[in-house]
Structures are given as C-alpha cells and as structure tokens.
Amino acid sequence: LQYSPGIGVLLEGAIEGDVSLPKRGFLFRDEKGDEIRRQHIAWAEPLLAKPKTVDSLRWTRDLLKATLEKKPELHCYGMHEWAMLYYPHDSLHEAPQKYQSLPLRISQETINSAVESEPIRCTHFDAFRFYAKDATEKNVIQLTRQTQPVFEQPGCLHANMDLFKWSVKLFPWVSSQLLHDSLAIATRARAIDIRASPYAAEGAVDDFELSPIPIETHEGRAQYKTLQAELWKDAIPIRKQLIEAYDAFLEHHDGSSL
C-alpha cells in the first residue's frame, strides 16, 4: 500500500525510495529545494505526468462530469450478467464463456427466459462488450467506446464501481482517502452485482452478504432497484470529489511549469 495526500500538500521528512510513497508522479527535493529527487520534502506533482497520461485523464474527467449531470436510470436490473450467459437452443454460435468460477444458481432455461422477457437496458459499454453474441441485439442501445460519455449514467452499478478505477488512474494526484472511499462504493456495487447474477455466490466470500437477489422475479427486481438507488445516492459525493481532484490536476498541469 502507498500513500498520497493528493495535490497541494507537502510531505516533510519524505525519503525517496520509501516504499509507502509512490514512485510515479512524486517529486522529491531537499529542504533548500535546489536538487531534484532528494529527501526531506515530497509532493504529488502533476507536471511529471506524460502527455499521453494527461490526455487520458482529461477524457476521464469529461466522462465523470457527463455522467454526474444525467438522471439515474434504475430499471436495468443487472441483466448484463445474464446477457453474458444467454444461449438459446437455436444459437448458431459457440456456447458463451463463463466469467466467474462460481456455479450457477439457476438453469440455462431460466437465464434464457429472463433475457427474452423484455429488452435489456444496459448503459455501460464495459458490460455490454462481454455479452454473448446472441444477446447483443437485445440491448436497447448498441453501445460503443466512442458513445460511452453519451450513455454512461450515475445509476449504473458499473459506473459507480468504476469510481475506484478512475481514482487509481489519477493516483498519486488524488488522495489516499478518496481512493479508500471510492473502493468502499465499488465493493458495495460489486456485491449487489454478483448477488443479482445467475451465479451462486452466497458463502463464497467471508464477511460479505452475497445471498441471491432473484431478479428473475418481481420481488427480486424491486429489491435490486432499492439497493441500486441507495448506492447511486451514496456515490454522488464521491463522484463530485473525484471530479474536483481531476480538475485540480488539470488546472495545475495546464497552468504551471517546473
């Protein structure tokens, strides 16, 4: 584990090579400030980021902002995991790949029936791209990486899971506290995600509530929607803080020089 206070904080007594501090993006100076990469003082320096990294971080900041501005959609019911396993009897394709080592809690017939019951309303490209070939056309929107900023929305479990991914991407120019908070949201989201899947996850991981959310039933869908709405509300301040961290990085990078 490594520590960063984020941008704008000096760490006194910091020694280069300390494994608790990041190597990437950290600048070390002596107390007089006349030599680079020596001990005593260190900070997270945006100007150390490579141009390609800056461009990628700018794209992520814009995605986060676009997502925050949308209304949440709370009627997908986690069907992406089911679409990944969809395999009708008349399929002309090979059987889809299982992405979990867990056993299934329901039959292939139940999976097929749930997927076929109504159109799938997934808005997250990184879930959609793993659909079984027979399921892609059943999604209301044919998602692409290019249209991700258009369709990504804050009610999506995976969009909230990604808050941790986007925090890691910005590290060390984001605080370890925000990294921790985004991980907490991502963990909750993933637990809901796997509980609503066709997999039998209960008891698979200690200290996690992984009893099934049977979204193949009306009761299960209502339960999923309630948990999804709670997660969306709790993720709002994390998303806002992360946008602020990205803005601070870009403002510092674009307006400063070493």
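A crossing of two helices is termed left-handed if the near helix is turned anticlockwise from the far one by less than a right angle, and right-handed if clockwise. In the predicted model described here, local features need pLDDT of at least 70 and side-chain atom pairs count only at pLDDT 80 or more, whereas totals for chains, interfaces and linings use all residues. Residues are numbered from 1 along each chain as its sequence is written, and side-chain values use heavy atoms, with hydrogens and water left out.

Helix H6 (residues 157-170) passes helix H7 (residues 176-195) in a left-handed crossing. Their axes, lines fitted to C-alpha atoms over the stretch in contact, come within 8 Å and cross at roughly 150°, with angles running from 0 to 180 degrees between N-to-C directions. H6 and H7 are therefore roughly antiparallel (over 145 degrees). On the H6 side, the contact (heavy atoms within 4.5 Å) involves residues including Leu157, Met161, Phe164 and Val168, and on the H7 side Leu179, Ile185, Ala189 and Ile192 are among them. By class, 12 nonpolar, four polar and two charged residues form this contact (nonpolar: Ala, Val, Leu, Ile, Met, Phe, Trp, Tyr, Cys and Pro; charged: Asp, Glu, Lys and Arg; polar: the others, Gly among them).

The protein contains eight helices and three strands, taken as DSSP runs (helices H or I, at least four residues; strands E, at least two). From the N terminus on, the order of elements is β-β-β-α-α-α-α-α-α-α-α. Of the 258 residues, 47% are buried (under 20% relative accessible area, 1.4 Å probe, protein chains only).

Conventions
Angles under 35 degrees count as roughly parallel, over 145 as roughly antiparallel, 65 to 115 as roughly perpendicular and the rest as oblique. Buried means under 20% relative accessible area, exposed over 50%, partly exposed in between (1.4 Å probe, protein chains only).
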